[in-house]
Structure formats: C-alpha cells, structure tokens
Amino acid sequence: MVLDKLGDALKSSLRKLTGKTFIDEKTVKELVKEIQRSLLQADVNVKLVFDVTKRIKERALSEKAPSALQKKEFIVNIVYEELVRFLGGEHKPLALEGKKPALVMLVGLFGNGKTTTTGKLGLYYKKRGLKVALVTTDTWRPAAYDQLVQLGKQIDVPVFGVKGEKDPVKIWKKVKPKLGNFDLVVVDTAGRDALSADLIKELNGINTLVQPHEALLVMAADVGQSAQQQAEAFHKTVKVSGVIITKLDGTAKGGGALTACSVTEAPVRFIGTGEKVEEFEEFKPKGFVGRLLGLGDLEALLEKAKDAIDEDRAEDLGKKFLKGEFNLLDLYEQMQAMKKMGPLNKVMKMIPGMSGADIPKELLDVQEDKTRKWRFLMDSMTKEELEDPSTISGSRLERIARGSGQSISELRQLLKQYKQSKKMAKLFKGAQSEKGMEKMMQKLQKGQMAGRSRKKMKF
Ligand code: GDP
Ligand code: MG
C-alpha cells in the first residue's frame, strides 16, 4: 500500500473518533487538527490542507446526519467524501474507445519512469482485451530502443521503432503505417533533465505529428509539491490530458505530487507503485481513499466499539437507574442499547409486566422516530450538558436545536422525558424497600402513574 504512513495516521484519528460516545465541537476540532498534521507530513501543500480540513470541519459541525447514521459515522463519511474530492473526485478513464488505434503519448523528464510506464500501460490494457503496440521515439538515450524491446518481450507486446534513427519525426512516419491493426498504441518519447526549450520544441513537433488522443505526463512522486508547476508547464506545451505519478512506493511524501496534480487541468490518471510491470493501477480517488482510510476495517471497528460500550454500560445503567441517579448520558446509552436489542415491541416484551402489553404499531413507529431525533439532539450536546441537563436553557437550547437540525420543542420534549424517567428511577429506588414498594403499588392502583405514563411517557 502506498502512502501507508498517511493511511495509518488517518486511520488512527478516525479510530479515536469512532471510539468516542459523544461528538462535540471539541472532538471535531481535534480530529481536524490531526488530519491537518497527517496531510502536512505527507507533503501536501499547506493551503490545500487548510482548504480541505476547513470543509471537513464546517460540514461536520453544520450538517445533519441522516437518520440511519450516528454522528460519528456521518463524520467518517464526510472525511471520506472530502478527501475523494480533494484527490480529484470522479475517476476519468482514458478516452480510448472508438479509435483504431487509440494513441497515447507519454512525456516527461529523464528518469521519471516513462519507458517503464509505457510497458506498464501496455500490459494494463492488454489484460483488458486490447490489441496493444508500443512505439519508442526516444532518440536521445542510446539504450532507449533496447530497453523498450526488452519490456515488450516481457509483456508479449510488439515494439516499433527505428534503431539508430536520430529524428523522432522520421521514426513516427516510418512506423505509423504498421499500426492500423492495433486498438492501442503507446508512444514513448525522450526526456531531458528539465523542461528546456529544446525539449519543448521536440515535443511540440512530435505532438503535432502524432496527434495523440491522450498525452500523459509521467512524473515521479518525489518531485513533491512542485508537481503542480511541472504539470502546468507541460500542459501549456503539449496539452497533457493527465498525469501518471510513478514511484509512489518509494516515498512517504507522495501526497504532495498526488494532490498538487489532482487540482490541475491534468488530473492523475494512473499511479506506479513499484519497478515491476504489474505494479501499476488506475488512480480512482474513491477506491484510493477508501483503502487509505481502511473503510473495510472501520466498519468492523464501529461494530466492535458499539458492542464494547453496550456491554460495559448495561450493568452500570441498571445500578444507576436503581439508585435514582441517572443523567441524559445514561438515557442516551439506554436508547442505544435498546436500539441494538431490536424493534421496540420486542424490547417491551422483555420487560416484566409488559409482556402481554399490546402496543399499537403507530405508537411504536412514533417512538422509533423520536429515538432517532433525540439521538441527534444528544449528539449536539456537550458532555457537561449530558451529565447535567439542568444547565440546558436559553441560548443553549437554541444552539443544540440548530446543531442537530431539530426543533426547540423537540428538545423540550426530550428534557421532559428525561425528568419523567428520573422520577421513575426515584420511585424504583423507593420501591427497593418494602414500604416503598407498598407505596408504589398504591400509586399504581390509584392509576396515578399509569394514567400519566400513558399520556406522557415516551417509552
Ligand atoms: P524514463 O527515463 O522516464 O524513461 O524512466 P525509466 O522508465 O527508464 O525509469 C527510471 C527508473 O525508475 C528505472 O530504474 C525504473 O525501474 C524506475 N521506476 C519506474 N517506475 C517506477 C515505480 O513506479 N516505482 C519504482 N520503485 N521504480 C520505478
Ligand atoms: Mg525512457
């Protein structure tokens, strides 16, 4: 895996997030800081880092999670989406269809991996069923022709060129008539140490002659952030339609080249991840970011975290409830645990005395809906507020409602429910003594509790 240091750092930040029970502004800010640090360490440009993390922060703080997702799951998704966007968004495959042959020309400076990539690209499309040929127009390097012939043998693809010929234009004119039967022709060109006037002239000449459908700049990852300048300079000269970043296996700082190019008019189309011809893949931002963040692992992790919390808490909750000292945090946990146990009617049947209760379906649906809304509300509260809901009033009411996308009246209902539950808990506490039990029975018989609970109790 390339950029595995960056991947590890991001994974660990998300793991921290998913391990938390409550997500407040502070948690989001911490996450964003960590992501910033990780991206900077991977050599991503400071301004770009700032832009992407700003978006993550703004979305995480302002957007409402869809009902099926917890806030933290939603934030993981925001991080994923923004990084995908950051790396160029939708993947754009090479436009090879309907051309015979489709012409792909590779350009770039010395030693960046052009010739190797010519072979890699040939193999990639050969495996996908295209009839491929390779052409070398590199007259600059003495061994260029032999190097490509060698590669062609390795992948079993014909190679065309004119050994000893010094003029790339003449080479192309000579080989072109032989290419009509192929689906794809990959043309290797000569490089220089820099984008010199001499190289520009040569590339312009060959570009006009070949008129490739795709001109791709091959650039090694270790050029870092200067990748953008290089891509733009080449783009001006030969209108490169995309970039191939090679040698991503050799550096922890490949984030610089990848992101710098993704924002240019010539986005990253392929990446080279090793010296071998198979070590090459199409650059698909979604898949790439998914692997980077280990989204496969993360799902399992989310499950595990939930289980761990539920088990630990179940015991505590029971004790707290009986002591009459449970707060909103506990109510939240209780709701979470109940959600895990399954649909509400099943849960109700597990409660002694309720097993025969026939609860109308509409009521249960309303309840499920409430549970969801209340989860959003609680996700927007600070830990302090959850621990001591009496602190929630005035501007805090507004802030919580706004942050959760719910109404203030919904929030008020939740707080009322909490007070009711607390009262219930106190009653249970009292019932633990014989006398208390008697009192409770009396109350129940008088219909005080039953009547009230039917109207007001939400559970
Ligand atoms: P050119 O001068 O641009 O044609 O570059 P070459 O194709 O000759 O490659 C220069 C060196 O880079 C060779 O030693 C290649 O094996 C190596 N190389 C090319 N692509 C990769 C890659 O993705 N990863 C690694 N590790 N080495 C690569
Ligand atoms: Mg070469």
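# A chat about the ligand shell and the protein around it

User: What kinds of residues make up the shell around ligand 1, nonpolar, polar or charged?

Analyst: The shell around ligand 1 has two nonpolar residues, 10 polar ones and six charged ones. Keep in mind that this is a predicted model.

User: How many residues surround ligand 1, and which are closest?

Analyst: There are 18 residues around ligand 1, and the closest are Gly111, Lys114, Thr115, Thr116 and Asp249. Helix 5, residues 114-127, supplies the largest share of the shell, with four residues.

User: Which polar backbone atoms lie by an oxygen atom of ligand 1?

Analyst: Lysine 114 has a polar backbone atom 2.7 Å from an oxygen atom of ligand 1. For glycine 111, a backbone N or O atom is 2.7 Å from an oxygen atom of the ligand. Glycine 272 also has a polar backbone atom 3.4 Å from a ligand oxygen.

User: And how much of ligand 1 does the protein bury?

Analyst: The protein buries 81% of the 590 Å² that ligand 1 exposes when taken alone.

User: Back up a bit. How many helices and strands are there in the protein?

Analyst: The protein has 20 helices and eight strands. It has 459 residues, and 48% of them are buried. Its accessible surface is about 23,200 Å², with 52% of that belonging to carbon and sulfur atoms.

User: What about contacts, how many join residues at least 24 apart?

Analyst: Counting contacts between residues at least 6 apart in sequence, 74% join residues at least 24 apart.

User: New topic. How many aromatic pairs does the structure hold?

Analyst: The structure holds seven aromatic pairs. One of them is tyrosine 124 with tyrosine 125, whose ring centres are 5.2 Å apart and whose planes stand at 80°, so this pair is edge-to-face.

User: Is tyrosine 124 buried or exposed?

Analyst: Tyrosine 124 is buried, because its relative accessible area is 10% and the cut-off for buried is under 20%. Tyrosine 125 also counts as buried, at 8% relative accessibility.

User: Which parts does the pair of tyrosine 125 and phenylalanine 270 tie together?

Analyst: The pair of tyrosine 125 and phenylalanine 270 is edge-to-face, with 6.2 Å centre to centre and 75° between the planes. Tyrosine 125 lies in helix 5 and phenylalanine 270 in strand 7, residues 268-272, so the pair ties together parts that are 145 residues apart in sequence. Phenylalanine 270 is buried, and so is tyrosine 125.

User: Which residues do the ring pairs link into a cluster?

Analyst: The cluster linked by ring pairs consists of Tyr124, Tyr125, Phe270 and Phe280.

User: Let's switch to arginine 192. Where is it found?

Analyst: Arginine 192 is in the loop between strand 4 (184-188) and helix 8 (197-210). It counts as buried, at 6% relative accessibility.

User: What does arginine 192 touch?

Analyst: Leaving out residues up to four places away in sequence, arginine 192 touches Gly108, Leu109, Phe110, Trp140, Asp198, Leu199 and Glu202. With aspartate 198 there is a side-chain to side-chain polar contact of 2.7 Å.

User: Last one, glutamate 34. Is it buried or exposed?

Analyst: Glutamate 34 counts as buried, at 16% relative accessibility, and its place is in helix 2, residues 25-41.

User: Which residues is glutamate 34 in contact with?

Analyst: Setting aside neighbours within four places in sequence, glutamate 34 contacts Ser13 and Lys16. The side chains of glutamate 34 and lysine 16 are joined by a polar contact of 2.5 Å. Serine 13 is 21 residues from glutamate 34 along the chain, and their C-alpha atoms are separated by 6.6 Å.

Key: Residues are numbered from 1 along each chain as its sequence is written. Chains are lettered from A and ligands numbered from 1 in the order in which they are written. This is a predicted model: local features need pLDDT of at least 70, side-chain atom pairs count only at pLDDT 80 or more; totals for chains, interfaces and linings use all residues. Side-chain values use heavy atoms; hydrogens and water are left out. A residue is near a molecule or strand if one of its heavy atoms lies within 4 Å of it. A polar contact is a pair of N or O atoms within 3.5 Å; within protein, one must be able to donate a hydrogen and the other to accept it, and residues adjacent in sequence count only if both atoms are side-chain atoms. Accessible areas come from the Shrake-Rupley method with a 1.4 Å probe; for residues, only the protein chains shown count as cover. Helices (H or I, at least four residues) and strands (E, at least two) are DSSP runs, numbered from the N terminus. Ala, Val, Leu, Ile, Met, Phe, Trp, Tyr, Cys and Pro count as nonpolar, Asp, Glu, Lys and Arg as charged, and the others, Gly among them, as polar. Buried means under 20% relative accessible area, exposed over 50%, partly exposed in between (1.4 Å probe, protein chains only). Contact means heavy atoms within 4.5 Å. Rings of Phe, Tyr and Trp (its six-membered ring) pair if their centres lie within 6.5 Å; planes under 30 degrees apart count as stacked, over 60 as edge-to-face and the rest as tilted.
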